[in-house]
Structure formats: C-alpha cells, structure tokens
Amino acid sequence: MGEIIVKKTGLHTSIQDLGRGHWRHFGVPLSGAMDQRSAQLANLLTNNEEDTPVIEITMMGPHLQFTESAIIALTGANLSPNLDGSAIGMNQSVQVKGGQTLSFGKPIQGIRTYLSIKGGFDCPKVLGSYSQYPMVTPSGSLRQWDRLAYRSQTGSGKNHALIHTDPEHFTNKILKASPGPEFDLLEKSTQQMLLTSSFLIQGNDRMGYQLKHPDMPPHQMEIVTAPVIPGTVQFTPSGQLIVLMRDAQVTGGYPRVLQLTNESIDQLAQKTNGQSILFQLA
C-alpha cells in the first residue's frame with residue numbers, strides 16, 4: 001500500500017464522491033463533488049467506478065507527496081499541475097513514481113480540480129458516502145500531514161478512451177433552470193428581470209453562491225420552511241439570490257424562484273467571485 005501525504009492543504013481540499021443520499025430526513029446534506037461531471041470523468045480516466053472517491057481541489061492547490069507508484073488523472077479546472085516542478089497534462093492518466101510530489105500553480109481555467117487514483121483511496125465511509133462534511137465526518141477537509149492510503153500501481157499510465165472536454169463547461173455564462181415553486185408568486189417585472197439580467201457572483205463556497213444585481217427589488221414575501229436541494233435558487237428579502245450547492249441545508253425559508261439543471265450546477269461550481277451569470281429557462 002502507498003500513501004499520499006498532505007504536505008500543504010491548499011485553499012480547500014477534500015475527499016468527495018457523488019454524494020450522501022437517503023439521510024436528508026435527518027438533516028444531512030447530500031454533499032459530493034461540486035462539479036460531478038468532472039469527478040466522473042476523472043474516475044473514467046483511471047478505470048474506476050464513477051462513484052469512487054476523488055480529491056476535490058479548490059483554486060489554490062495542495063502539495064501531495066506519493067510514497068509509492070500510482071496512476072492518477074486530473075480533470076476539471078486547470079490549476080497548472082506539476083510533478084516535482086514539471087508540468088503534467090489535464091484529462092489524461094499519468095504515472096506517478098514513489099517520492100514524487102504533486103503541486104499546483106496559477107489557475108488557468110475554472111476553480112475546482114478533481115484528482116482520481118487508479119484503484120481508489122482507502123478512506124472511511126460514513127452514512128454511505130466517502131464525502132467529507134463537518135459534523136458528519138471527523139473533518140470537512142484534508143488537513144496538513146493527513147495520510148491517504150492507496151494501492152500501488154505501475155504501468156504506462158495510458159488510457160485510450162477518447163474524451164472531449166468542452167471549453168464551454170468553464171466559459172458559458174448561461175445557467176439553465178426551471179421555474180421554482182414560488183416563481184409564479186413574483187411580480188411579472190421581477191420575473192422578467194430574473195430571466196434577462198446579468199448577476200454578479202459576490203461570494204461562494206460548498207454551501208452556496210451569492211448573486212447580486214443592483215436593480216433587483218427587495219420583497220416581503222414569506223413562505224413556510226420548505227425542502228430545498230442543490231441547484232435551488234433562493235430569493236432573499238434584500239433582493240439577493242442564493243444558489244444552493246452540494247453542502248446546502250435540506251430546508252429553507254426563502255422563496256424558491258428557480259431550480260438549476262444538474263449540468264448548470266456543475267458549470268456554476270467552476271465560477272468564482274467577480275464573474276457574472278444569466279439564467280435561462282430550460
């Protein structure tokens with residue numbers, strides 16, 4: 001068995017799979033990879049099952065040392081990955097030698113990268129998922145000097161699958177959505193603004209994205225606390241929008257005006273503060 005030693009943690013680095021289902025009635029979020037399409041692609045490139053746990057890396061990457069040989073793949077955001085200072089490619093399988101260190105540089109496209117390892121990581125499963133989440137797992141992210149076990153792998157590191165990564169996954173500003181349960185309660189002018197205006201991302205984390213438009217009107221609409229899921233767009237009394245993401249709560253009290261498609265959740269997960277988006281009915 002080999003181990004990955006977390007020498008530096010980066011901004012936010014965690015173990016994620018495709019989420020923790022069947023526990024929402026106890027208030028447990030779904031969690032899972034923010035950009036699930038990219039996480040599945042990473043596992044495809046290393047011949048793993050699609051729900052095998054991966055490492056999610058956000059904006060500023062960690063330093064990860066491998067104690068034994070391994071075959072890895074990196075997908076999603078291009079954060080200028082390198083092995084011992086030599087650049088390596090995205091969206092392909094790569095052979096790593098024991099003792100080498102994977103690190104990252106300048107973000108080029110997107111903000112979340114996914115690291116898979118052939119054979120998967122040997123890490124604890126809690127409530128049916130490997131995904132790290134505070135209050136469910138011992139830690140919500142990887143910590144310095146954590147050690148992740150894996151089965152040593154040798155080989156060419158080549159995978160002959162032909163996989164195309166569409167640049168629009170990172171550059172597209174249009175998020176497709178369906179009307180939410182309270183959409184029809186909005187004034188017609190507010191509905192129109194919601195679907196024609198450009199919104200600026202002012203804050204983001206695994207729980208949600210905060211969006212703002214200077215002319216979006218405040219409101220006094222009240223609803224009974226109701227179920228929400230990743231992709232639910234909430235309309236706050238101040239006129240700000242909150243798009244719930246993978247670690248979001250299971251209920252909310254703000255009007256649910258839109259619901260993003262799964263593809264649009266993945267695309268939003270690759271955007272950061274200062275970028276703008278538009279909503280479009282699917």
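## Salt bridges and overall form of a predicted model

Glu56 is buried, with a relative accessible area of 0%.

Side chains of opposite charge can pair when their charged atoms come close. The count of salt bridges in this model comes to 5.

| Positive residue | Negative residue | Distance (N to O) |
| Arg147 | Glu3 | 2.7 Å |
| Arg206 | Glu56 | 2.7 Å |
| Arg246 | Asp266 | 2.9 Å |

**Arg206 and Glu56.** The side chain of Glu56 meets that of Arg206 in a salt bridge. Glu56 belongs to strand E3 (residues 54–58), whereas Arg206 is found in the loop between strand E14 (199–204) and strand E15 (208–212); the pair therefore ties together parts that are 150 residues apart in sequence. Arg206 is also buried, at a relative accessible area of 7%.

**Arg246 and Asp266.** A salt bridge is also formed by the side chains of Arg246 and Asp266. Arg246 lies in the loop between strand E18 (241–244) and strand E19 (251–252), and Asp266 lies in helix H4 (residues 262–268), so the pair ties together parts that are 20 residues apart in sequence. Arg246 counts as buried at 8% relative accessibility, and Asp266 counts as buried at 7%.

**Arg147 and Glu3.** The side chains of Arg147 and Glu3 meet in a salt bridge. This pair links distant parts of the chain, with Arg147 in strand E12 (residues 147–150) and Glu3 in strand E1 (residues 2–8), 144 residues apart. Arg147 is partly exposed, with a relative accessible area of 48%, and Glu3 is partly exposed at 26%.

**The protein as a whole.** The secondary structure comprises 4 helices and 21 strands. The C-alpha trace spans about 60 × 40 × 30 Å along its principal axes. The radius of gyration is 20 Å, which agrees with the value near 19 Å that a compact globule of 282 residues would have. Of the 282 residues, 53% are buried. Among contacts between residues at least 6 apart in sequence, 75% join residues at least 24 apart. The accessible surface comes to about 12900 Å², and 51% of this surface belongs to carbon and sulfur atoms. The protein has 22 positive and 22 negative charges, whose mean positions are 5 Å apart.

Terms used. Residues are numbered from 1 along each chain as its sequence is written. This is a predicted model: local features need pLDDT of at least 70, side-chain atom pairs count only at pLDDT 80 or more; totals for chains, interfaces and linings use all residues. Side-chain values use heavy atoms; hydrogens and water are left out. Helices (H or I, at least four residues) and strands (E, at least two) are DSSP runs, numbered from the N terminus. The radius of gyration is taken over C-alpha atoms; the globule rule is 2.2 Å times the number of residues to the power 0.38. Buried means under 20% relative accessible area, exposed over 50%, partly exposed in between (1.4 Å probe, protein chains only). Contact means heavy atoms within 4.5 Å. Accessible areas come from the Shrake-Rupley method with a 1.4 Å probe; for residues, only the protein chains shown count as cover. Lys and Arg count as positive and Asp and Glu as negative; His and the chain ends are not counted. The place of a charge is taken as NZ of Lys, CZ of Arg, CG of Asp or CD of Glu. A salt bridge is a side-chain nitrogen of Lys or Arg within 4 Å of a carboxyl oxygen of Asp or Glu.
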